[in-house]
Amino acid sequence: MNRLLLAAYPKPYRSRHGEELLTCLAEAYPGRSWPPPREVAALVRAGVQARARATAHDTTRPWWLDGIHLAALALAALALIPYLQDVWHWALRIDPGQHAMAFHFSGWYPWAEGPTRIRLLPYGLLPLVCLIALLRGRPWIALPVAAAMIWAGATSHGRTLFGDEGKAGLGYYGLGTPITARDLVLSGTLCAACAVLTACRPSRLRRRSYRWLAPVVLAMYMAGGLHIISVSPTFQRGLFALEVTALIAAWAATASTGDYRWLIPVAAVAFIRTQAIVIQPQEFMQSLPDLVVLVLLIAPLPVLAIAAQRRQGQALAP
């Protein structure tokens with residue numbers, strides 16, 4: 001189990017110091033397959049900082065291009081999150097029955113029984129394909145898919161290839177609120193980011209391993225297997241915890257390197273969520289006051305900027 005902790009570190013670090021780290025853990029905690037929680041947190045923090053320094057010292061691409069790439073990945077994941085259960089059920093040919101998402105039109109399951117049996121596709125396939133293409137550094141594939149997301153959201157009131165993807169029913173309106181396909185600001189911003197990446201020599205983009213899809217598959221399994229839809233309080237709290245973890249990781253990376261690239265995805269997600277609060281659906285109930293949510297969304301931006309400036313000041317100090 002200790003080897004799982006090595007995944008937090010970049011590959012060059014693992015090849016040079018991996019066995020040494022495992023030996024130290026075995027000697028410090030004999031007979032234990034997992035160190036104490038405090039040691040786990042310290043090792044993960046050190047691994048995040050090592051990855052951040054390796055990324056910042058990589059001069060093959062400018063920091064702003066890598067930041068836009070990270071922002072596009074974050075937006076694709078944000079667009080996919082409400083439809084995790086749908087894609088899982090569609091891929092495994094499972095008829096969700098009463099656990100179907102609260103769409104006005106949910107008859108797109110080709111194997112569903114009854115009069116609503118119409119061969120349509122789940123909207124979640126679009127952000128999933130976009131996410132995979134961006135992970136592999138192929139924005140020219142993600143660009144038309146993001147454009148299709150705009151088209152699907154703009155035509156959601158009619159019968160399209162993806163059905164009516166607007167949600168019906170109540171949801172919790174807070175930091176973890178899902179954003180539906182009808183929010184064209186999300187899909188439009190994602191499309192613009194993919195266009196910039198496509199125009200700026202895609203060969204310079206970072207290509208990540210397919211292993212980065214493991215958390216996505218795990219999230220689909222949990223949402224589809226446990227029937228936790230995105231408007232449920234359990235889903236909302238889990239998404240909130242995930243976003244807080246991502247913000248802490250962005251702060252740790254910024255504070256250890258003084259690099260501004262992690263500020264770009266944080267700003268992009270904050271912008272999308274802020275406009276969603278301003279244009280608030282009437283059928284959504286508030287889990288937190290609007291002002292509290294806006295402050296929590298905007299506050300990380302100056303914190304990251306100050307952390308980067310302070311780190312740069314320390315590096316320049318004699």
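Author: Happy to. A word to settle before we start: a residue counts as buried when its relative accessible area is under 20%, and as exposed when that area is over 50%. Please keep in mind that this is a predicted model.

The helix to look at is α9, which runs through residues 214–225 and holds Tyr221. With 12 residues, α9 reaches 16 Å from its first C-alpha to its last, close to the 16 Å expected at 1.5 Å a residue. The residues of α9 that are buried are Val216, Met220, Ala223 and Gly224. These residues lie on the same side of α9, because they cover an arc of only 90 degrees around the axis. What does that side pack against? The partners of the buried residues are α4, α5, α6 and α10.

Leaving aside residues up to four places away in sequence, Tyr221 touches Trp88 and Leu226.

Met220 is one of the residues that touch the most other members of the largest nonpolar core, a set of 47 residues; Leu80, Cys130, Leu134 and Leu190 are the others. Helix α9 supplies at least two residues of this core, and so does each of α4 (63–80), α5 (84–91), α6 (125–135), α7 (139–154), α8 (184–199), α10 (233–257) and α11 (263–278). The largest share, 10 residues, comes from α4. In soluble globular proteins, nonpolar side chains tend to be buried together.

Not counting residues up to four places away in sequence, Leu134 touches His69, Ala72, Leu73, Ala76, Pro139, Ala142, Leu190, Cys194 and Leu197. Apart from this, there is a second, separate core of 10 residues, with Ala8, Leu21, Leu22 and Ala50 among them.

Charged side chains deserve a look too, and a search of the whole structure finds 4 salt bridges. One of them brings together the side chains of Arg206 and Asp66, at 3.2 Å from N to O. This pair links distant parts of the chain, 140 residues apart: Arg206 sits in the loop between α8 and α9, and Asp66 in helix α4. Are these two buried or exposed? Arg206 is buried, with a relative accessible area of 18%, and Asp66 is buried as well, at 2%.

A salt bridge also joins Arg261 and Asp259, whose side chains meet at 3.0 Å, N to O. Both of these residues are buried. Through salt bridges that share partners, Asp66, Arg206, Asp259 and Arg261 form one network.

Finally, turn to Glu243 and Arg273, which form a salt bridge with their closest N and O atoms 2.7 Å apart. Here too distant parts of the chain are linked, with Glu243 in helix α10 and Arg273 in helix α11, 30 residues apart. Glu243 is buried at a relative accessible area of 18%, and Arg273 is buried at 5%.

Definitions and conventions. Residues numbered from 1 in each chain as written. Predicted model: local features only at pLDDT ≥ 70, side-chain atom pairs only at ≥ 80, totals over all residues. Heavy atoms only, no water. Helix = DSSP H or I, 4+ residues; strand = E, 2+ residues; numbered from the N terminus. Contact = heavy atoms within 4.5 Å. Core = buried A, V, L, I, M, F, W, Y, C linked by side-chain atoms within 4.5 Å. Buried < 20%, exposed > 50% of the residue type's maximum accessible area, 1.4 Å probe, protein only. Expected span 1.5 Å × (residues − 1). Arc of directions from axis to C-beta.
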